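Let's take a walk through this structure together. Keep the 3D view open as you read.

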Amino acid sequence: EYDESKAYLEKTLECKPDNASAWYVLAHVYDVTGQYREAYECCLKIKELVPSTDHNFDAYGVGYHNNQLALKLERELGVE
């Protein structure tokens, strides 16, 4: 159901482009479907939206989990 999930997430982000949680879920969907470049682009967007990993600011830990996914993707893509 990843294609359907992507469509819903993309629609959500059209309406609310600053939704870091939606960007993270979209990054995860791209990651598990092997679309690593797209996933990494989502991670970069999240870093713009959630620059801190302070759990008082980022209660759901999106910044922290995004950093972990971004590191994995950087290894996968050979980004330095």
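This is a predicted model: local features need pLDDT of at least 70, side-chain atom pairs count only at pLDDT 80 or more; totals for chains, interfaces and linings use all residues.

Residues are numbered from 1 along each chain as its sequence is written, and side-chain values use heavy atoms, with hydrogens and water left out.

The largest nonpolar core holds 19 residues, and W23, L26, C42, C43 and L73 have the most contacts inside it. Such a core is a set of buried Ala, Val, Leu, Ile, Met, Phe, Trp, Tyr and Cys residues joined through side-chain atoms within 4.5 Å; buried means under 20% relative accessible area, exposed over 50%, and partly exposed in between (1.4 Å probe, protein chains only). Two or more residues come from each of α1, α2, α3 (36-49) and α4 (62-77), with α2 giving the most, seven residues. Helices here are DSSP runs (H or I, at least four residues), numbered from the N terminus. Beyond residues up to four places away in sequence, W23 touches L13, P17, C42, K45, I46 and L49, where contact means heavy atoms within 4.5 Å.

Now for Y24, which sits in helix α2 (residues 20-32). Is Y24 buried, exposed or partly exposed? Y24 is partly exposed, because its relative accessible area is 24%. Leaving aside neighbours within four places in sequence, Y24 contacts I46, V62, H65, N66 and L69.

Y2 lies in helix α1 (residues 2-15) and is partly exposed, at 42% relative accessible area. Not counting residues up to four places away in sequence, Y2 touches V29, V32 and T33.
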